[in-house]
Amino acid sequence: MAIIIQLLVLAFVILSIILVVGIPVTLASPGQWEKSKNLIYTSISIWVGLVIITGIVNSFVV
């Protein structure tokens with residue numbers, strides 16, 4: 001069970017780094033917001049899902 005939590009946290013950290021770099025670059029580039037708006041919203045949804053799933057799985061580990 002501990003390996004699952006570690007993998008979830010790893011995915012969370014990697015996605016967080018990608019979003020921290022990618023969102024400001026997208027917003028600063030002219031015309032890129034319209035092209036990648038759906039991708040950013042999907043990535044944020046996955047990020048929120050990872051937070052919730054990691055919390056739920058972590059509650060089962062003592």
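User: Before we look at anything, what counts as an aromatic pair?

Analyst: Rings of Phe, Tyr and Trp (its six-membered ring) pair if their centres lie within 6.5 Å. Keep in mind that this model is predicted.

User: OK, so how many aromatic pairs does the structure hold?

Analyst: It holds 2 aromatic pairs. One of them is Trp33 with Tyr41, 5.8 Å centre to centre and with 85° between the planes.

User: Why is that one called edge-to-face?

Analyst: Because planes over 60 degrees apart count as edge-to-face, and for Trp33 and Tyr41 the angle is 85°.

User: And how exposed are Trp33 and Tyr41?

Analyst: Trp33 is partly exposed, at a relative accessible area of 27%. Tyr41 is partly exposed too, at 46%.

User: Switching topic: which residues make up the largest nonpolar core?

Analyst: There are 6 residues in it: Ile5, Leu8, Leu15, Leu19, Leu50 and Val57. Both α1 (2-28) and α2 (32-59) supply at least two residues each, and α1 gives the most, with 4.

User: What is Leu50 in contact with, if you skip its neighbours within four places in sequence?

Analyst: Leu50 then touches Leu8, Ala11, Phe12 and Leu15. Of these, Leu8 and Leu15 belong to that core along with Leu50.

User: Last one: where does UniProt place the "transmembrane region" feature?

Analyst: The UniProt record, an unreviewed entry, puts it at residues 7-27 and 39-61.

User: What do those two spans look like in the model?

Analyst: Residues 7-27 are 100% helix, and their end C-alpha atoms lie 30 Å apart. Residues 39-61 are 91% helix, with 33 Å between the end C-alpha atoms. Strand is 0% for residues 7-27 and 0% for residues 39-61.

Notes: Residues numbered from 1 in each chain as written. Predicted model: local features only at pLDDT ≥ 70, side-chain atom pairs only at ≥ 80, totals over all residues. Heavy atoms only, no water. Phe/Tyr/Trp six-rings, centres within 6.5 Å; stacked < 30°, edge-to-face > 60°. Buried < 20%, exposed > 50% of the residue type's maximum accessible area, 1.4 Å probe, protein only. Core = buried A, V, L, I, M, F, W, Y, C linked by side-chain atoms within 4.5 Å. Contact = heavy atoms within 4.5 Å. UniProt positions renumbered as here; feature names shortened; annotations may be inferred.
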